[in-house]
Amino acid sequence: MGTASGAVALLLVVVLGASVSGSSGQLQVGFYSKSCPSAESTVASVVRGASAADSTILPALLRLQFHDCFVRGCDASVLIKGGNNNAEVDNGKHQGLRGMDVIENAKAQLESVCPGVVSCADVVVLAARDAVAFTGGPSFGVPTGRRDGKVSNLRDGDVLPDVHDSAQVLRSKFRASGLDDKDLVLLSSAHTVGTTACFFIQDRLYNFPLPGGGVGSDPSIPDGFLSELKSRCAPGDFNTRLSLDRGSERVFDTSILRNIRSGFAVIASDAALYNDTSTVDVVDSYSGLLSTIFGPYFRQDFADSMVKMGSIGVLTGANGEVRKVCSKFN
């Protein structure tokens, strides 16, 4: 999400702070309990090993699910590699997407014990769920039983939300995927972990359309924070990375919402959430000191939104396929 880019499976049979229904359509929590009992623990082990070598892979895996599910649904179409730069993953909106090697590693291990059983689409969702818990977020069960898609087109990625989108555009794109304003805020709050490249804030710092004409810096950025961002991202610097959640990039918490509320959102699409009455109220509802006592409950609601996103456009039953290798069709 943006460029942000989430659960140890043995612990996930106990839902901690997340209310998850037993099934979602033809999806079901524990779908592989008989056909491949080690499926979830295998994915969790691979994610744990990858994060031990590179902790930044956790937000990347979370972002990977978002990018997969928002394009053609959660069907692993983003994992397909095209020979002529014409696959979905080649779309510029997927720039910087990582974690595909982790998915392939988990899939290879699953193929060795349960060949042709566990879909790549489910591995993506399970890995994101694990990544959330490994960053200190909620542990929750996710319905599985997805099948892998058979289509991957470059232009399909155009539907993804963009860092330059207004709140109205973001709300429209989320509604098109069956998600509401609450889901928009909650899933954007995944930016509580991870970083972004200066590439994605260059326009906001130096080429923002000004009300009186011309371009400059986004006037909504507080002066002190603007100076801080410019000191990290000089004009033309596309590669330097900075935290999406100022002061709390490695911990899953509500700090990102407090930063958005205070004007310290790094990317424009996060800042936009506090410029629309429909999303302002949602941001505020999780930012109060008493929300952890009286609700709404951020961790539970975030888990619910993740499950909801994981149900977008799924293929089940005889639809699609179960790939042998995630990066290519059977």
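This is a predicted model: local features need pLDDT of at least 70, side-chain atom pairs count only at pLDDT 80 or more; totals for chains, interfaces and linings use all residues.
**Close-up 1. Helix 6 and the helices against which its buried residues pack.** Helix 6 spans residues 181-188 and is mostly covered, since seven of its eight residues are buried. These buried residues are Asp181, Asp183, Leu184, Val185, Leu186, Leu187 and Ser188, and they pack against helix 5 (167-176), helix 9 (255-261), helix 10 (268-271), helix 11 (277-287) and helix 13 (298-309). At the start of helix 6, the backbone nitrogen of Lys182 has a side-chain oxygen of Asp180 within 3.2 Å.

**Close-up 2. The disulfide between Cys36 and Cys114.** A search of the whole structure finds four disulfides, and one of them joins Cys36 to Cys114 with an S to S distance of 2.1 Å. This pair links distant parts of the chain, 78 residues apart, with Cys36 in the loop between strand 2 (27-29) and helix 1 (39-53), and Cys114 in the loop between helix 3 (100-113) and helix 4 (120-134). The link is right-handed, with 85° about the S-S bond. Cys36 counts as buried because its relative accessibility is 0%, and Cys114, with a relative accessible area of 8%, is also buried.

**Close-up 3. The disulfide between Cys69 and Cys74.** The sulfur atoms of Cys69 and Cys74 are joined at an S to S distance of 2.0 Å. The torsion about their S-S bond is about 120°, and the disulfide is therefore right-handed. Both Cys69 and Cys74 are buried.

**Close-up 4. The disulfide between Cys198 and Cys233.** Here the two sulfur atoms are 1.9 Å apart, and the torsion about the S-S bond of Cys198 and Cys233 is about -75°, so this disulfide is left-handed. The pair links distant parts of the chain, 35 residues apart: Cys198 belongs to the loop between strand 4 (195-197) and helix 7 (202-206), whereas Cys233 belongs to the loop between helix 8 (223-232) and strand 7 (241-243). Cys198 counts as buried at 0% relative accessibility, and Cys233 is likewise buried, with a relative accessible area of 0%. When the bonded cysteines are counted along the chain, the disulfides of the protein follow the pattern 1-4, 2-3, 5-8, 6-7.

**Close-up 5. Pro161, a position that carries a UniProt annotation.** An unreviewed UniProt entry places the feature "binding site" at Pro161. This residue is found in the loop between strand 3 (143-144) and helix 5. Pro161 has a relative accessible area of 19%, and it is classed as buried because that term applies to values under 20%. If neighbours within four places in sequence are left aside, Pro161 is in contact with Phe66, Phe70, Leu170, Lys173 and Phe174.

**Close-up 6. Glu111 and the residues it touches.** Glu111 has its place in helix 3 and is buried, with a relative accessible area of 18%. A polar atom of the Glu111 side chain lies 3.0 Å from the backbone nitrogen of Gly116. Not counting residues up to four places away in sequence, Glu111 touches Gly116, Val117, Arg323 and Lys324.

Methods: Residues are numbered from 1 along each chain as its sequence is written. Side-chain values use heavy atoms; hydrogens and water are left out. A disulfide is a pair of cysteine sulfur atoms within 2.5 Å. Helices (H or I, at least four residues) and strands (E, at least two) are DSSP runs, numbered from the N terminus. Buried means under 20% relative accessible area, exposed over 50%, partly exposed in between (1.4 Å probe, protein chains only). Contact means heavy atoms within 4.5 Å. A polar contact is a pair of N or O atoms within 3.5 Å; within protein, one must be able to donate a hydrogen and the other to accept it, and residues adjacent in sequence count only if both atoms are side-chain atoms. UniProt positions are given in the numbering used here, feature names are shortened, and annotations may be inferred rather than shown by experiment.
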